[in-house]
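Subject: Structure for you to look at

Hi,

Here is the structure I said I would pass on.

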Amino acid sequence: MYSKYDFIKDLNPSKEEWRIKARVVRTWKVPNFQQKIFDDNVEMILLDEKGGRVHAAIKGSLNIRNKIHEGEFYFIKKFGVGLNSRSFRPTKHGYCLSFNLRTDVKSSIDSAIPTNGLDFVDFDIIEKESSDSPYLVGL
């Protein structure tokens with residue numbers, strides 16, 4: 001597909017032409033309260049072969065959101081990278097991705113990337129961090 005890939009851990013706003021290969025390990029819809037004429041936004045967690053995870057979002061006005069499916073593997077390029085500054089963050093990556101009109105997504109198959117992307121931690125850590133952490137914690 002693409003000749004060179006970047007790893008999720010390296011993503012930052014310093015350049016515009018990032019290329020990644022990743023599996024969509026989780027998706028969810030977020031109501032589009034500001035522009036109710038458009039469908040819900042789609043948000044997701046992407047996982048690469050090195051275990052890097054990043055939060056990504058697709059606005060409800062973009063048709064590309066119908067081409068992305070949980071559990072599937074994709075080659076993705078031409079997306080925005082911005083600061084991950086939300087109140088609650090689904091990943092610990094310092095940045096998040098936003099798909100736009102230029103974003104190119106190609107479906108493929110890659111068995112090197114796990115399908116679930118789980119990151120297990122000790123229960124003591126969850127108890128300690130869950131009350132004052134900006135990261136989403138599953139109990």
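Below is what turned up when I went through the model.

A word on the ground rules first. This is a predicted model, so to speak: local features need pLDDT of at least 70 and side-chain atom pairs count only at pLDDT 80 or more, while totals for chains, interfaces and linings use all residues. Residues are numbered from 1 along each chain as its sequence is written, and side-chain values use heavy atoms, with hydrogens and water left out.

**The overall layout**

The chain has one helix and seven strands, where helices (H or I, at least four residues) and strands (E, at least two) are DSSP runs numbered from the N terminus. In sequence order the pattern is β-β-β-β-β-β-β-α. Of the 139 residues in the chain, 38% are buried; buried means under 20% relative accessible area, exposed means over 50%, and partly exposed is in between (1.4 Å probe, protein chains only). The chain exposes about 8,800 Å², with carbon and sulfur atoms supplying 50% of that; the areas come from the Shrake-Rupley method with a 1.4 Å probe, and for residues only the protein chains shown count as cover. Among contacts (heavy atoms within 4.5 Å) with a separation of 6 or more, residues 24 or more positions apart account for 61%.

**The cores**

The largest nonpolar core has 22 residues, and those with the most contacts inside it are Leu-46, Phe-79, Leu-97 and Phe-99. By nonpolar core I mean a set of buried Ala, Val, Leu, Ile, Met, Phe, Trp, Tyr and Cys residues joined through side-chain atoms within 4.5 Å. Strands β1, β2, β3 (53–58) and β4 each supply at least two residues of this core. Leaving out residues up to four places away in sequence, Phe-99 touches Ala-56, Ala-57, Ile-58, Leu-62, Ile-64, Ile-68, Ile-76, Phe-79 and Val-105. Another core, of six residues, lies apart from the largest one; Ile-45, Phe-73, Phe-75 and Ile-113 are among its members.

**Aromatic rings**

Two aromatic pairs come out of a search of the whole structure. Rings of Phe, Tyr and Trp (its six-membered ring) pair if their centres lie within 6.5 Å; planes under 30 degrees apart count as stacked, over 60 as edge-to-face and the rest as tilted. Tyr-5 and Phe-75 are stacked, at 5.5 Å centre to centre with 25° between the planes. That pair links distant parts of the chain, as Tyr-5 is in the segment before β1 (19–30) and Phe-75 is in strand β4 (residues 73–77), 70 residues apart. Tyr-5 is partly exposed at 23% relative accessibility, whereas Phe-75 is buried at 8%. Phe-73 and Phe-75 make the edge-to-face pair, at 5.4 Å and 80°, and Phe-73 is buried with a relative accessible area of 2%.

**A buried glutamate**

Do look at Glu-43, in strand β2 (residues 41–47). Glu-43 is buried, with a relative accessible area of 7%, and a polar contact of 2.6 Å joins its side chain to that of His-55. A polar contact is a pair of N or O atoms within 3.5 Å; within protein, one must be able to donate a hydrogen and the other to accept it, and residues adjacent in sequence count only if both atoms are side-chain atoms. Beyond four places in sequence, Glu-43 touches Arg-26, Thr-27, Trp-28, Val-30, His-55, Ala-56, Ala-57 and Arg-86.

**Loops**

Most residues other than glycine have a negative phi. Lys-78 has a positive phi of about 60° although it is not a glycine; Lys-78 sits in the loop between β4 and β5 (80–83) and is partly exposed at 27%.

Asn-63, in the loop between β3 and β4, is exposed at 61% relative accessibility. Its C-alpha is 8.9 Å from that of Leu-101, 38 residues away in sequence.

Cheers
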